[in-house]
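Dear colleague,

Please find below the structure that I am handing over to you. I would be grateful if you would read the notes that follow with the model open beside them.

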Amino acid sequence: MEKYVIKGGNRLQGEVTVSGAKNAAVAILPAAILSDEPCTIENVPNISDIDCTIKILTQMGVQVKIINKSTLYIDPRHIVNPTVPYDLTKNMRASYYFLGALLGKAGSARVSMPGGCDLGARPIDQHLKGLASLGADGAVDHGMVHLESKNGLKGAHIYFDIVTVGATINVMLAAVKATGLTVIENAAKEPHIVDLANFLNSMGAEIMGAGTDVIKIRGVKHLHGTQYSIIPDQIEAGTFMVMAAATKGNILIKNVIPKHLESISVKLEKIGAIVEEYDDSIRVIGTGRLEKTSIKTLPHPGFPTDMQPQITTLLTLAEGTSIVTEGIWDNRFKYVDELRRMGADISVDGKVAVIEGTGHLMGAPVKATDLRAGVAMIIAGLAASGITEIEDIHHIERGYEDIELKLRALGADIKKIHSPENEMPLAL
Ligand code: EPZ
């Protein structure tokens, strides 16, 4: 079993380069199978969710060549098996993007019901409703979603009951190859939706309006190969921003799109950090003065739910009472028990957390309950006095490339230990 061991208290200083966006990459790699020719995709993050996506592609008959650490060559001309089995979907939610992609490519898809972070109920009714509107009949059978468009996919007018990233992406993937016009209303507007649309358009798709709540897609018969670079990861960047504020640090975060970080920048400034924006980088300086605030997570351009555990952790270090309301997921405060072990004073009632800032945290053994909760434990450990040991770090490695190396280069005292006999947390 691997753990991170962190000796807290160091100010993080220096420069860090953000990797490609996980939530864009896990949509763009499946989207590449829609092409009739090979594609080269750059700025792919080197994380375990991408390893898993590559395995899915490979077992399907897609040729994937790793050109270098962040560049993949994907040749989808010889798909033999439009199926994604359970052992490859159980750990990764986004495996369900193969539903839309395979439907668009082959007219049928068999994808095991996905796993991923446990954040409460994660139904896929809107995905199935959207794909059914395009003409994909389906059933869930023994944990497999089986969809088929017997008469070919046809463009349709789809209104989502709620704003959903996943269903917006799945419908886009299928609709690019449907005949006629698809209109998605109440679409999600996250940066990775726009990135997917740009990728598909670079292959010859006709998608308009991505980034607004109405997306129009005129189906095309063929998509050609492309060379495309994925956007930087908004949430990785936001995580380093919070780390600077939490450690009284001074970090220049490079390879970012500052516009994507606005909701995070505004809150960090309110809490007391200094944020300086440049063209493709952002500097955050922790002043040591952290003030209470109220935050509600919302779909983009609101404050991202994927930054909620990180900001809640920061607020445990602030003066006064803060309130964080989770606006997307039913159960995204499970990590609070772990923070309490480090001395945090947080009460949770449903989707609302009340944080009594205690000004400091104490190192303790904790576990990563999911991806963002796991990185929140790293933030807590960096800011805490003493030693923090974090278990179940496979969750963190799903979404953060080289986090330990990047943090060490910023001056953090963090180390990954590999087995119980190596456990020497004080010998850092
Ligand atoms: C994406 O999940 C992200 N994952 C999540 O990031 C992120 O938290 C979430 O969007 C919200 O921004 C990926 O992009 C791979 P949704 P997704 O469909 O697409 C309900 C991370 O940490 N809903 O926008 O699964 C759902 O229950 C991960 O990187 C339905 O009711 O989220 C939720 O309450 C965690 N029916 C809300 O909509 C549906 O058919 C938003 O979910 C679909 C969703």
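This is a predicted model: local features need pLDDT of at least 70, side-chain atom pairs count only at pLDDT 80 or more; totals for chains, interfaces and linings use all residues.

Residues are numbered from 1 along each chain as its sequence is written, and side-chain values use heavy atoms, with hydrogens and water left out.

The unreviewed UniProt entry places a "binding site" at Lys-22 and Asn-23; such annotations may be inferred rather than shown by experiment.

Lys-22 lies in helix α1, residues 22-31 (helices are DSSP runs of H or I with at least four residues, numbered from the N terminus). Asn-23 is placed in helix α1 as well. Lys-22 counts as buried because its relative accessibility is 8% (buried means under 20% relative accessible area, with a 1.4 Å probe and protein chains only). Asn-23 is also buried, at 18%.

Leaving aside neighbours within four places in sequence, Asn-23 is in contact with His-192, Asp-306 and Arg-372 (contact means heavy atoms within 4.5 Å). On the same terms, the residues that Lys-22 touches include Asp-233 and Arg-372.

Asp-233 also caps the N-terminal end of helix α8, with a side-chain oxygen 2.9 Å from the backbone nitrogen of Ile-235. Helix α8 covers residues 234-246, and 13 of its 13 residues are buried. Just after α8, Lys-248 takes a positive phi of about 55°.

Yours sincerely

Definitions and conventions: Helices (H or I, at least four residues) and strands (E, at least two) are DSSP runs, numbered from the N terminus. Buried means under 20% relative accessible area, exposed over 50%, partly exposed in between (1.4 Å probe, protein chains only). The expected span of a helix is 1.5 Å times one less than its number of residues. A polar contact is a pair of N or O atoms within 3.5 Å; within protein, one must be able to donate a hydrogen and the other to accept it, and residues adjacent in sequence count only if both atoms are side-chain atoms.
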